[in-house]
Amino acid sequence: MSFVVVESVTRRYDRQVKALDKVSLEIHPGEWLAVMGPSGSGKTSLLNLLGGLDVPDEGRIVVHGVDLSALSRPERIRYRRESVGLVFQQFHLIPYLTALENVMLAQYLHSMADEPEAAQALESVGLGDRLQHLPAALSGGEKQRVCIARALINRPALVLADEPTGSLDEANERTVLDLFRRIHERGQALVMVTHDPSVGRLADRQIQLQHGRVAGEFLPPRETEEDLDEVLEYLWMKLEGDEAAHEVCGRGYRMATPPLLERMRALGILAPGSELALTESGHQRAESLIRRQRLAETLFTQTFQMQEHQVEEEACVFEHILSPAMTDSICTFLGHPRSCPHGKPIPRGACCMSAGQVTAAPHSHRS
Ligand code: ADP
Ligand code: MG
């Protein structure tokens, strides 16, 4: 049975604008649905209706067997407090209450203010040391996490999030997405509006809104080989001990989510277990990738004298298209360099061996 049923819902703000135009969709219990679409396509309007903050002009919304349109105002307020968790981009925190009090307020609204429990919720989102801070003293990422703590307190079966990562930097985006992943793993249904395809891809299913209508519905694409390469690059630099790996390989870092790492274990790229370790074939693949990238960087810098930002951009493309033969030619042309312009070691290739660049493991003599 569907957990949420949206039946031919229309919402008009004035006579001309139909923010939603006969939208129908279903959400399964525990499902993570991503709502995508251009600005003004009706995403926020849909979320407001699901959250009981607004009512449709036509059609109906049934959540867990309850027809929201049939609820009286007090009943709708109760639904909002008890059955849904709202995480919006504009944080809706009360500015003169501390983080702890903001979470306790959610409990108060659920008539169960309990300070230790609120503190625990904040600890679970990594804000154990921010309990007494006012929202103004919290960063965007921290505010977002207070909202999530607040949305978690009652374990609502339906969590609604409107572009929750829209204004966050990469590190905070990752923390926040990890929290949503936990919400999902606990079996709470999650409807998340996002512009970002890499965030949408985390969902079980995506719908695309356009001009207030559902224009498409699809399962997120699986990761591509190129995605795996990006993650491998990030892991390689991390294993090299580079503290800035998450900045240099931003895309790989963002994609290195627990589910993807699990897939890479299944694909034999990462070794089984909780430690981050490459298998032999994973190591070879990463080594060859890093070799191509660093050789390309050396070529662009030394031979073509490109600017640094241009070098990085071009090298990121080149590393995916250089054939082994071309790679060896470039390496030979450059005289088998040992390190890239940033001083990072370039893994050796077959051409380096034959050029006698490496005193490899001693050969056994047969004579
Ligand atoms: P999205 O979240 O996808 O950007 P919205 O749901 O916010 O889109 O808006 C859909 C359409 O409805 C837009 O054309 C927007 O201008 C209009 N709209 C949204 N809220 C209101 C409102 N309160 N009053 C009038 N028009 C609105
Ligand atoms: Mg919006």
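Start your tour at ligand 1, whose shell has four nonpolar, six polar and one charged residues (Ala, Val, Leu, Ile, Met, Phe, Trp, Tyr, Cys and Pro count as nonpolar, Asp, Glu, Lys and Arg as charged, and the others, Gly among them, as polar). You are looking at a predicted model, where local features need pLDDT of at least 70, side-chain atom pairs count only at pLDDT 80 or more, and totals for chains, interfaces and linings use all residues. Residues are numbered from 1 along each chain as its sequence is written, chains are lettered from A and ligands numbered from 1 in the order written, and side-chain values use heavy atoms, without hydrogens and water.

Now select the shell: Tyr13, Val17, Ala19, Pro38, Ser39, Gly40, Ser41, Gly42, Lys43, Thr44 and Ser45 surround ligand 1, each with a heavy atom within 4 Å of it. Helix H1 gives the most, with three residues (helices, H or I, have at least four residues and strands, E, at least two, as DSSP runs numbered from the N terminus).

Zoom in on the ligand's oxygen atoms. A backbone N or O atom of glycine 40 lies 2.7 Å from one, and a side-chain N or O atom of threonine 44 is 2.8 Å from one. The protein covers 58% of the 560 Å² of accessible area that ligand 1 has on its own (Shrake-Rupley method, 1.4 Å probe).

Next, show the sheet. Six strands run in the order E6-E7-E8-E3-E9-E10, open and with mixed pairing (two strands pair if DSSP finds at least two bridges between them). E6 (84-88) and E10 (213-218) stand at the edges with a single partner strand each, so one side of each is left without a neighbour in the sheet.

Finally, select E3 (residues 32-36) and E8 (residues 189-193), which pair in the parallel sense over four bridges. Here alanine 34 stands opposite methionine 192 in E8.

Conventions:
Polar contact = N/O pair within 3.5 Å; in protein donor to acceptor, adjacent residues only side chain to side chain.
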